[in-house]
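Here is a friendly tour of one structure, with the cut-offs given as we go. Have the viewer open and follow along.

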Amino acid sequence: MAIRTVREVGDAVLTKVCREVKEMTPRIDQLIDDMFDTMYEYNGVGLAAPQVGVLRRIIVVDVGDDPRVLINPKIVETEGTQTGDEGCLSYPGKFGTVTRPMRVVVEGLDRDMNPVRWEAEGLLARDFCHEIDHLDGHMYMEKVEGEIHDVHEMEESEETEEADEE
Ligand code: NI
């Protein structure tokens, strides 16, 4: 188990376009293990390779109990829209409202470098969009509607609301 350092906003690595993976190597295999370990360590639901400083087109996602890695991922179909809150391990303590497709179809390669095509809806669809954006140097803050909020402020206002009700 190896937790890698998560790069944060302001780090130039997060603005670069990542390169495709041509073949599975022991190094990339290890990177994928470390990406899962790092995502779980920080309670994330997704992570892209540039977030740990590696400019390769690899993402990991897990919105519940379904860990998946997708190599050279592409969104090939979208349908509908959903508007909801999003955060990023590379911008800790913040969140903002972003509109994404409600449903996507993604294509790419699995860990054995076999082609896969997956449909995703709701949170998983949002997750794929967010992580794939990272591979082209984009972050959710570019798409936020309205203000970017502090997680801490939200917790405080919830506490105040609870206090008001008493
Ligand atoms: Ni992110």
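## Strand pairing

β3 and strand β6 (residues 103-109) pair in the antiparallel sense over six bridges, where pairing requires that DSSP finds at least two bridges between two strands. Across this pairing, Thr78 stands opposite Val104 in β6. Strand β2 (residues 58-61) also pairs with β3 (residues 68-79) in the antiparallel sense, over four bridges. Six residues separate β2 and β3 in the hairpin that they form, and Ile59 stands opposite Leu70 in β3. Helices (H or I, at least four residues) and strands (E, at least two) are DSSP runs, numbered from the N terminus.

This is a predicted model: local features need pLDDT of at least 70, side-chain atom pairs count only at pLDDT 80 or more, and totals for chains, interfaces and linings use all residues. Residues are numbered from 1 along each chain as its sequence is written, and side-chain values use heavy atoms, with hydrogens and water left out.

## The nickel site

Which residues coordinate the nickel ion? They are Cys88 (SG), His130 (NE2) and His134 (NE2), at 2.1 to 2.2 Å. Donors are N, O and S atoms within 2.8 Å of the metal (3.2 Å for Na, K and Ca); water is not among the atoms, so sites may look incomplete. Along the chain, the donors of the nickel ion have the spacing C-x41-H-x3-H. Cys88 lies in the loop between β4 (82-86) and β5 (94-100) and His130 in helix α2 (residues 122-134), so the pair ties together parts that are 42 residues apart in sequence.

Both Cys88 and His130 are buried; buried means under 20% relative accessible area, exposed over 50%, and partly exposed in between (1.4 Å probe, protein chains only). Helix α2 is mostly covered, with twelve of its 13 residues buried, among them Phe128, Ile132 and His134.

## Salt bridges

The structure holds 17 salt bridges, each a side-chain nitrogen of Lys or Arg within 4 Å of a carboxyl oxygen of Asp or Glu. In the one between Asp29 and Arg111, the closest N and O atoms are 3.0 Å apart. This pair links distant parts of the chain: Asp29 belongs to helix α1 and Arg111 to the loop between β6 and β7 (115-121), 82 residues apart.

Glu86 and Arg100 form another salt bridge, with closest N and O atoms 2.6 Å apart. Glu86 in strand β4 and Arg100 in strand β5 are 14 residues apart, and both are buried.
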